[in-house]
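The questions below go through one protein chain, element by element. Each answer ends on the value or name asked for.

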Amino acid sequence: MSDTTGSIKKVTLDGVTFDVFADTNISETGSAFENSSIPTSGRNLRKMVGRPENREGVVLACNGFERGVLKGLADGVADFPMSYETAGGDVYRAAGWIEFENRETEESRATIQMHPRDTWTEFVA
């Protein structure tokens, strides 16, 4: 168990490793369910609605060639392996697809979302 936090070490999409900007802060969906309460005249009922465990705010260094790779992955129809490693050495892996949100040419920053087909497998350091 590591208490080390900070910059993401790497992101790998379909076997291609991308450099990640040091200020990238990946937003992880906490669980597979959104929990809420439904009030009644007595007890509250627990409502559990399934949700995908997406990863958002993934900012990659992206030159023109890498932009083409991301576009190809986003436009493809087949799931592919993807993973990321945190500063503490935790690794998260899934098969799925990406949403290629945008690329900023001034600093070659590409922002993506990672969408798993099922769930993420955790390898906690």
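Q: In which strand is S83 found?
A: The model is a predicted one. Within it, S83 is found in a strand, and that strand is β7.

Q: Is S83 buried or exposed?
A: A residue is buried when its relative accessible area is under 20%. S83 has a relative accessibility of 14%, so it counts as buried.

Q: How many of the six residues of β7 are buried?
A: S83 belongs to β7. The strand is mostly covered, and the number of its six residues that are buried is five.

Q: Which residue in β7 is the bridge partner of T12?
A: β1 and β7 pair in the antiparallel sense, over four bridges. In β7, the residue that partners T12 is S83.

Q: Which residues does S83 contact, leaving aside its neighbours within four places in sequence?
A: T12, the bridge partner of S83, is among these contacts. So that the list is complete, contact here is taken as heavy atoms within 4.5 Å. The residues in contact with S83 are K10, V11, T12, Y92, R93, M114 and W120.

Q: How far apart in space are T17 and S83, C-alpha to C-alpha?
A: T17 is found in strand β2, residues 16-18. In sequence, 66 residues separate T17 and S83. In space, their C-alpha atoms are apart by 9.3 Å.

Q: Is T17 buried, partly exposed or exposed?
A: Partly exposed residues lie between the buried limit of 20% and the exposed limit of 50%. With a relative accessible area of 44%, T17 is partly exposed.

Q: Which residues does T17 touch, not counting residues up to four places away in sequence?
A: S83 is in contact with K10, V11 and T12, among others. For T17, the residues touched are K10, V11 and T12.

Q: Which residue takes a positive phi in the hairpin of β7 and β8?
A: Six bridges join β7 to β8, and the two run antiparallel. One of the paired positions is E85, with V91 as its partner in β8. The hairpin has five residues between the strands, and the one with a positive phi, near 95°, is G89.

Q: How many bridges join β8 to β9?
A: β8 spans residues 91-104 and runs antiparallel to β9. F100 stands opposite I112 in β9. The two strands form a hairpin with four residues between them, where S108 in the turn has a positive phi of about 55°. The number of bridges is eight.

Q: Which residue in β9 is the bridge partner of V59?
A: Strand β6, residues 55-61, also runs antiparallel to β9, with five bridges joining them. The partner of V59 in β9 is T111.

Q: Which residues does M114 touch, not counting residues up to four places away in sequence?
A: The residues touched by M114 are V11, L13, N54, R55, V58, M82, S83, Y84, W97, I98 and W120.

Q: How many charged residues are in the lining of the largest pocket?
A: The largest pocket holds about 200 Å³ of space. It is lined by 14 residues, and the closest to its centre are T5, G6, I8, T86 and A87. The lining divides into three nonpolar residues, eight polar ones and, as charged residues, three.

Q: What percentage of the 125 residues of the protein chain count as buried?
A: The secondary structure comes to one helix and 10 strands, in the order β-β-β-β-β-β-α-β-β-β-β from the N terminus. The share of residues that count as buried is 34%.

How values were computed: Residues numbered from 1 in each chain as written. Predicted model: local features only at pLDDT ≥ 70, side-chain atom pairs only at ≥ 80, totals over all residues. Heavy atoms only, no water. Pairing = 2+ DSSP bridges. 1 Å grid on protein atoms, 1.4 Å probe; cavity = no way out; pocket = protein on both sides within 12 Å on 5 of 7 lines; lining within 4 Å. Points joined across faces, edges and corners; volume = space filled by probe spheres on them. Nonpolar A, V, L, I, M, F, W, Y, C, P; charged D, E, K, R; others polar. Buried < 20%, exposed > 50% of the residue type's maximum accessible area, 1.4 Å probe, protein only.
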